Amino acid sequence: MGSVRQPAGAGVVGRLVPEELWVLFQQVVPEAPSRSEGGGRCRHGDREMPAAIAFVATSGCAWQQLPSASSMQSGTTAHRRFTEWTGHRGGDVIR
């Protein structure tokens, strides 16, 4: 038997940020900035970040305690994105 491919948003991320919430979330957060210099690592997907933020907010864990096996990104990345977004219009929604 081959492995069955999970649809986008399945798993922890899909439970914490269902499709309806993701659509609303995209309307209030800014576009990802482009790097004029190029280089560096690829930016992690925005879809995982609200799930990480929701996990921290509902569990009370520290950013660095995000579960690494969960398909969410590192606590440092999630915190950086949260800080980036709360400086924009989306901050009123996230807070």
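Helices are DSSP runs of H or I with at least four residues, numbered from the N terminus. The model is predicted, so local features need pLDDT of at least 70 and side-chain atom pairs pLDDT 80 or more, while totals for chains, interfaces and linings use all residues. Residues are numbered from 1 along each chain as its sequence is written, and side-chain values use heavy atoms, without hydrogens and water.

Helix 3 comprises 12 residues and spans 16 Å from its first C-alpha to its last, close to the 16 Å expected (1.5 Å times one less than the number of residues). Just after helix 3, Gly-60 adopts a positive phi of about 80°.

A salt bridge (a side-chain nitrogen of Lys or Arg within 4 Å of a carboxyl oxygen of Asp or Glu) joins Glu-19 and Arg-47, at 3.1 Å from N to O. Glu-19 lies in helix 2 and Arg-47 in the loop between helix 2 and helix 3, so the pair ties together parts that are 28 residues apart in sequence. Arg-47 is buried, with a relative accessible area of 15%, whereas Glu-19 is partly exposed at 43% (the class between buried and exposed, the latter being over 50%).

The lining of the largest pocket includes Arg-35, Arg-41, Arg-43, Arg-80, Arg-81 and Glu-84. A pocket is an open set of points on a 1 Å grid over the protein atoms alone where a 1.4 Å probe fits, with protein on both sides within 12 Å along at least five of seven lines; lining residues have an atom within 4 Å of a point.

How values were computed: Helices (H or I, at least four residues) and strands (E, at least two) are DSSP runs, numbered from the N terminus. Buried means under 20% relative accessible area, exposed over 50%, partly exposed in between (1.4 Å probe, protein chains only).
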